[in-house]
Each structure stands twice: as structure tokens, then as C-alpha cells.
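Here are some questions and answers about one protein model. Look at the sequence and structure first, then read on.

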Amino acid sequence: MASSVPAKTRLLTIGSRGSQLALWQARHISSQLDGLGVPTHIQVIKTTGDHLQTASLAQAGGKGLFTKEIEEALLDGSIDLAVHSLKDLPVEETPGLKIAAIPEREDPRDALVGRRLDDLRKRARVGTSSGRRAAQLLILRPDLQIEPVRGNIDTRIRKLKEERYDAIMLAAAGLTRLGLQHEIAEILSPHQICPAPGQGALAIQTREKDEAFQACAQLNHDPTSRAVICERAVLAELGGGCQLPIGVFAQEVEGFLRVRAVVVAPDGSRHIQSEARGESSHPERLAGIVASDLLARGARTILDESC
């Protein structure tokens with residue numbers, strides 16, 4: 001989405017969490033901006049979510065735990081842009097801030113580390129702190145024992161190797177970005193485990209319409225952007241502020257968007273799914289069709305019971 005970068009672009013400060021994955025993401029965007037002639041440096045910011053060791057996101061207050069302090073630094077001018085995992089960003093935009101670009105997406109699917117699904121023994125212990133992953137796993141294997149696991153990717157894999165779990169579930173994108181593809185036992189298709197809205201995608205957030213916005217906008221990947229706009233719009237229509245077991249996956253194919261969404265009871269006992277296809281130029285319209293279909297088929301009852 002190209003707007004030209006000014007001839008003399010000042011040094012831009014990128015705000016990032018301090019985890020290995022967050023720093024990889026920040027360095028990746030820094031490298032892409034450098035290729036456009038935009039100099040950057042990275043400033044690490046500790047977020048509330050980084051202190052979270054045992055509680056689930058839902059128990060601790062939701063997605064904003066990983067973005068609040070970084071957004072505050074953007075608003076007060078301490079940093080010029082932030083690189084987020086898009087699935088960590090609440091669907092409601094913070095006043096004064098905009099998503100300047102969504103670069104091309106990495107693999108959006110979920111992965112099992114340790115063992116393949118069919119190789120897990122009865123009542124095997126699977127580690128995940130995602131209600132969405134847990135609920136959908138229980139649809140496929142009601143016998144599994146789902147247990148919480150916290151920490152960065154390396155910490156979770158270490159806990160697995162210490163035999164605290166038979167397997168753990170992680171986003172394939174994070175493993176790929178950190179060069180840990182060899183740890184993946186199985187990648188589950190979106191029809192087995194529907195991903196979180198925006199999973200595998202990055203969001204570059206800036207203040208509205210300033211120099212950083214104009215520079216970063218060139219990194220936008222339109223097909224990815226349209227797909228994740230659709231996914232996040234479905235989440236917003238269903239009430240995205242609550243940490244609910246909702247999966248949404250959209251993909252652009254030959255000018256059309258295909259979207260699949262699922263709402264699951266936390267124990268996996270009930271689920272409602274919907275699929276639709278429409279022109280990619282109207283991602284929010286397609287999202288409305290899918291959300292309306294889910295609600296018409298009883299999704300609201302599951303959502304209300306899950307909050």
C-alpha cells in the first residue's frame with residue numbers, strides 16, 4: 001500500500017515486549033522498514049501479561065494485558081510504532097491509535113508438540129491455556145485431560161520435555177518464526193481446530209496519520225489484511241471483549257474470501273459452526289453474514305454461558 005517515505009525519515013522507535021518471539025517480530029519489521037530506508041531501534045516494554053505466570057487470560061482480564069503499556073507508550077510519544085501479534089490486540093481500537101499495516105501472514109494453524117493427536121493415550125495430559133484450543137480439542141478427543149501451561153515457547157517446551165504433559169498445543173507461526181519447526185508433531189487443519197482471529201498475523205500500530213503511519217503503511221499485505229479484518233469483525237459481532245472459545249479463519253482465494261467460524265462450549269459438549277464465501281472487497285459484510293448465522297442457530301446461549 002504504498003505511500004512514499006519522506007526523503008529524511010527520522011529514527012523511529014519500535015516498542016516491543018521482551019519475549020524471544022516478540023523481539024523476533026520487532027526485528028523482522030525493523031528489517032523491512034530498513035529496506036525502505038526507514039531507520040529504527042527497538043525499546044523493550046514490560047507488560048502486565050508478561051508478569052502472568054499461572055492464571056489464564058480470561059481469569060486475569062483478557063487480551064489487553066499484553067498491549068496496555070505499549071499503547072500507553074505510543075500515546076505519550078515514548079515510542080513511534082508497536083509490533084503486536086494481531087490476535088493479542090482487542091477488536092476495539094484505542095482512540096488516537098491505528099493499525100498502520102498488517103504484513104503477510106505466517107501459518108495461521110495450531111500445532112501439537114510432543115505427540116500427534118491419534119498417538120495420544122487415553123486421558124493424556126495436553127497443556128494449553130487457550131479456552132478456544134481446549135474446547136475444540138475436547139470435541140475431537142473428549143477423553144483428554146486439558147491442563148493449563150504458561151510461559152514463553154521455550155518454557156512450555158521445557159515443561160513438556162520434563163514430562164509434565166504428554167503434548168502441548170501452540171501456534172504454528174510462533175514455532176516457525178523461532179526456528180522450532182522440528183518440535184512440531186502435527187499441524188491441525190482449520191477444520192479440526194479453527195484458529196483464533198488474526199492468528200499468525202502481525203499488526204503494526206502507530207498514532208493516527210503521523211510519519212510512522214505513512215512509513216509503516218507500505219508494509220501492508222492486502223490479502224492478509226482483508227482476511228483478518230473479516231475474522232476480527234466476526235469476533236466483534238459476537239462480543240469479542242470476553243475471552244470466549246471462538247475460532248474464525250478466513251482466506252482469500254482468487255478474489256473471494258472463504259470464512260469459517262465456530263463457537264464452542266468450554267467443555268466441548270456443544271458447538272455451532274458456520275461457513276460462507278463472498279467477494280474479498282467486502283470482508284465486514286461477509287463477517288456479518290457468518291455472525292448472524294451463528295447467532296440464529298443458538299450461539300448466543302453458548303456465549304452467555306461461557307462468560
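Q: Which element gives the most to the lining of the second largest pocket?
A: Helix H8 does, with 6 residues. This is a predicted model, in which local features need pLDDT of at least 70, side-chain atom pairs count only at pLDDT 80 or more, and totals for chains, interfaces and linings use all residues. Residues are numbered from 1 along each chain as its sequence is written, and side-chain values use heavy atoms, with hydrogens and water left out.

Q: What makes a residue part of the lining of a pocket?
A: On a 1 Å grid over the protein atoms alone, a pocket is an open set of points where a 1.4 Å probe fits, with protein on both sides within 12 Å along at least five of seven lines; a lining residue has an atom within 4 Å of a point. The second largest pocket has 18 such residues, and Glu-93, Ile-99, Ile-102, Ser-225 and Ile-229 lie nearest its centre.

Q: How do the lining residues of the second largest pocket divide?
A: Into 13 nonpolar, 2 polar and 3 charged. Ala, Val, Leu, Ile, Met, Phe, Trp, Tyr, Cys and Pro count as nonpolar, Asp, Glu, Lys and Arg as charged, and the others, Gly among them, as polar.

Q: Why are S2 and S4 called edge strands?
A: Two strands pair if DSSP finds at least two bridges between them. In the open sheet, ordered S2-S1-S3-S10-S4, strands S2 (40–44) and S4 each pair on one side only, so they are the edge strands.

Q: What makes S3 and S10 a pair?
A: Strand S3 (residues 81–85) and strand S10 (residues 202–207) share 5 bridges in the antiparallel sense, and at least two are needed, so they pair. Leu-81 stands opposite Thr-206 in S10.

Conventions:
Helix = DSSP H or I, 4+ residues; strand = E, 2+ residues; numbered from the N terminus.
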